[in-house]
Amino acid sequence: MDGLLEQLRAGLPAESLITDPDVTASYAHDMASFCEAGTPAVVVLPRTVEQVQHVMRTATALRVPVVPQGARTGLSGAANASDGCIVLSLVKMDRILEISPVDRIAVVEPGVVNAVLSRAVDEHGLYYPPDPSSWEMCTIGGNIGTASGGLCCVKYGVTAEYVLGLEVVLADGRLLTTGRRTAKGVAGYDLTRLFVGSEGSLGIVVKAVLALKPRPPQQLVLAAEFPSAASACDAICRIMERGHTPSLLELMDRTTVRAVNKMANMGLPDTTEALLLAAFDTPDPSADLAAVAELCTAAGATDVVPAEDAAESEMLLQARRMSLTALETVKSATMIDDVCVPRSKLGAMLEGTAAVAEKYDLTIGVCVHAGDGNTHPVVCFDHTDADESRRARESFDEIMALGLELGGTITGEHGVGLLKKEWLARELGEVSVELHRGIKQAFDPLGLLNPGKVF
């Protein structure tokens with residue numbers, strides 16, 4: 001320990017090192033349940049690329065594991081510390097280095113908060129679409145590490161589609177530049193995409209070149225109340241089949257709606273079994289909403305209410321954004337899944353999840369990025385009750401199994417981390433796992449980067 005601190009201090013300012021165990025303990029884990037966390041030897045908060053390189057050279061020389069972290073808003077345990085590790089928190093590297101309206105790119109450090117970037121580019125008439133529900137807290141580096149999504153993915157896609165290039169500090173301290181600043185480019189293997197979603201297991205992202213879009217018109221939102229989840233899913237299929245391109249298409253089940261009402265008195269209809277929110281940011285969103293309203297009514301909606309203005313639209317979106325927070329108030333703990341299935345299988349996924357909740361006698365609320373089939377079943381349980389905790393964990397696994405059976409994936413945007421390691425091999429298969437491990441070996445031969453995660 002003394003030797004580690006001595007070598008780190010040789011290349012780092014004193015204020016960037018945290019050794020107080022009461023403070024380092026607060027960096028030990030992210031927001032996932034059922035994921036073990038170790039005790040870090042030290043927390044380092046670098047401000048420059050050179051400082052990150054020094055940390056990795058020291059770690060390599062002393063064979064000390066390194067766990068990269070952003071804002072620790074993750075839900076898979078990917079940022080959890082291991083015993084004796086260096087926690088490398090990148091939140092102090094928070095500069096927006098460049099915004100180019102001509103090239104439509106932003107160049108940022110990993111600690112930039114998603115919402116801060118979104119507001120900064122908005123001043124230039126530009127738009128950074130990926131917007132996870134935690135966008136007011138989560139960092140771009142964390143978004144890249146987990147390949148995060150958000151509410152707008154149905155029209156604009158996920159984080160991976162906006163990362164043009166990266167600067168990455170490798171395990172041995174070398175600096176790697178990947179990708180480009182140009183709109184097009186196919187030189188060499190696509191190493192940029194390889195790092196997106198790698199959860200800090202291949203290298204430390206220290207700079208990102210991000211693609212931007214022109215700022216779209218203000219979106220308008222429609223809320224449709226359904227007597228069943230099945231009828232709401234039918235409406236989703238009709239909307240997509242008819243070729244509509246909503247900027248948002250979100251579903252909240254009965255449990256979620258009631259939790260939001262209880263927490264925030266939002267005035268959402270308690271009688272609903274499923275609430276569908278659809279938005280358009282087209283030049284004439286009211287016409288698009290009218291067309292979707294007809295499809296919802298044909299699918300059995302009992303009430304369809306289009307927002308009249310931006311303020312009313314934002315109120316409806318706020319209800320969706322607070323869904324996970326509201327479900328956290330139902331019991332003392334939650335497990336938040338993010339199984340993604342084909343849109344055509346959403347009805348079966350929701351029906352199956354309800355059956356799992358009944359089987360295990362648990363409250364499971366579901367909110368869904370319905371436009372891309374990404375479900376978030378939230379298992380609510382009492383963490384002080386051993387039997388209920390056991391049932392929660394078993395129900396979580398059963399929901400993931402259901403997703404795979406329906407042709408889906410165990411994670412649409414939260415990542416694998418510690419929580420889903422066992423399930424990753426089931427989804428990928430033996431040959432793919434072997435190749436993944438070979439890639440890990442090539443980038444991190446000593447296994448120092450985020451050990452024990454993903455594989």
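Student: What is the volume of the largest cavity?
Tutor: This is a predicted model, where local features need pLDDT of at least 70, side-chain atom pairs count only at pLDDT 80 or more, and totals for chains, interfaces and linings use all residues. Residues are numbered from 1 along each chain as its sequence is written, and side-chain values use heavy atoms, without hydrogens and water. On a 1 Å grid over the protein atoms alone, a cavity is a set of points where a 1.4 Å probe fits but cannot get out; points join across faces, edges and corners, and volume is the space filled by probe spheres set on them. The largest cavity comes to about 40 Å³.

Student: Which residues line the largest cavity?
Tutor: Lining residues have an atom within 4 Å of a point. The lining divides into six nonpolar, two polar and no charged residues (nonpolar: Ala, Val, Leu, Ile, Met, Phe, Trp, Tyr, Cys, Pro; charged: Asp, Glu, Lys, Arg; polar: the others, Gly among them). The residues are M31, A32, S33, L75, T334, M335, I336 and L419.

Student: Which element gives the largest share of the lining of the largest pocket?
Tutor: A pocket is an open set with protein on both sides within 12 Å along at least five of seven lines. The largest one has a volume of about 890 Å³, and 48 residues line it. Helices (H or I, at least four residues) and strands (E, at least two) are DSSP runs, numbered from the N terminus. Six lining residues, the largest share, come from α5.

Student: How are α8 and α13 oriented to each other, roughly parallel or roughly antiparallel?
Tutor: Axes are lines fitted to C-alpha atoms, for helices over the stretch in contact, and angles run from 0 to 180 degrees between N-to-C directions. Helix α8 (residues 229-241) packs on helix α13 (residues 346-360) at about 160°, with axes 8 Å apart. Angles under 35 degrees count as roughly parallel, over 145 as roughly antiparallel, 65 to 115 as roughly perpendicular and the rest as oblique. The pair is therefore roughly antiparallel.

Student: Which residues of α13 does α8 meet?
Tutor: Contact means heavy atoms within 4.5 Å. From α8, the partners are A229, C233 and I236. In α13 they meet L346, G347 and L350.
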